[in-house]
Amino acid sequence: MTSMTGAPPTGMHARAAMVLAERWWTLVLRGVAGVIFGILTFIWPGASLFALVVMFGAYAIVNGAIDLILAARKPAGEQRWGSLVFEGIASIVAGVLTLVLPGITALALLVVIAAWAIVTGIAQVIAAVRLRKQIRGEWLLVLAGVLSIAFGVLLVLFPGAGALAVVLWIGAYAIVFGALLIALGVRLRSWGRSSTREAPPGAVPVTR
């Protein structure tokens, strides 16, 4: 994939990339939330289904809210933020469904998590492909999206796996996924700063 080497970006997608760089902390926040969620599942692998439902619901809602906040900051005239909105709404819906149905069965919870992972993964891959020529480190977003899709498919293919195994799968996925988002956020921060320093007069600035 093509990545930026520090040259100031131009064009509509470039403005979108600069907004992502400006809001690098949202990716880091999502990543931290994922890592915390994953660590909690390893600390309490025997937690009740209700506890897992609450943790996942809270994580999905926070994840979706951050996506919608970022989408609301799209540059004027930019029309290609549908994947962020879609991912945000899907995350919030998944989180709310689990929280308003506290008696959800283990199988139903797996279906919700699998669908959420696949949908958000597809949205992330689409976003990365659209911005591949504008941002440095877009492969991290692609990898995070592919990981989400693979995780969702794994849950669909093996719904009968033991409860402990599934919890550990979820925990490992959340930690790796979160780490990828943190790494991407840090790279975007660095790229945004270097692009701002090198930007010509009239270029879109990055507010830090």
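A cavity here is a set of grid points where a 1.4 Å probe fits but cannot get out, and its lining residues have an atom within 4 Å of a point. The model on screen is predicted.

**Stop 1: the second largest cavity**

Select Phe37, Phe56, Tyr59, Ile113, Trp116, Phe151, Ile170, Tyr173 and Ala174; these residues line the second largest cavity. Its volume is about 40 Å³, and the model has 2 cavities of 30 Å³ or more. Color the selection by residue class: the lining has 9 nonpolar residues, with no polar and no charged ones.

Next, color by helix. Two or more lining residues come from each of α3 (49-72), α5 (106-130) and α7 (163-198). The largest share, 3 residues, belongs to α7.

**Stop 2: α3 against α5**

Keep α3 and α5 on display and hide the rest. Their axes lie 11 Å apart at an angle of about 20°. Because angles under 35 degrees count as roughly parallel, α3 is roughly parallel to α5. The crossing of this pair is left-handed.

To see the contact, select Leu49, Leu52, Val53, Phe56, Tyr59, Ala60 and Asn63 on α3, then Ala106, Leu109, Val112, Ile113 and Trp116 on α5. By class, the α3 and α5 contact holds 11 nonpolar residues, 1 polar and no charged.

**Stop 3: α2 against α3**

Bring in α2, residues 24-43, and keep α3. The axes of α2 and α3 come within 10 Å and cross at roughly 175°. Angles over 145 degrees count as roughly antiparallel, so α2 is roughly antiparallel to α3.

On the α2 side, select Thr26, Leu29, Arg30, Ala33, Gly34, Phe37, Leu40 and Thr41. On the α3 side, the contact residues are Leu52, Met55, Phe56, Tyr59, Asn63, Ile66, Asp67 and Leu70. This contact divides into 10 nonpolar, 4 polar and 2 charged residues.

**Stop 4: α4 against α5**

Finally, show α4, residues 82-100, together with α5. Which way does α4 run relative to α5? The two helices pack at an angle of about 170°, their axes 9 Å apart, which makes α4 roughly antiparallel to α5. Their crossing is left-handed.

By class, the α4 and α5 contact has 10 nonpolar, 5 polar and 1 charged residues.

Technical notes: Residues numbered from 1 in each chain as written. Predicted model: local features only at pLDDT ≥ 70, side-chain atom pairs only at ≥ 80, totals over all residues. Heavy atoms only, no water. 1 Å grid on protein atoms, 1.4 Å probe; cavity = no way out; pocket = protein on both sides within 12 Å on 5 of 7 lines; lining within 4 Å. Points joined across faces, edges and corners; volume = space filled by probe spheres on them. Helix = DSSP H or I, 4+ residues; strand = E, 2+ residues; numbered from the N terminus. Nonpolar A, V, L, I, M, F, W, Y, C, P; charged D, E, K, R; others polar. Axes fitted to C-alpha atoms, helices over the stretch in contact; angles between N-to-C directions. Parallel < 35°, antiparallel > 145°, perpendicular 65-115°, else oblique. Contact = heavy atoms within 4.5 Å. Left-handed = near helix turned anticlockwise from the far one by under 90°.
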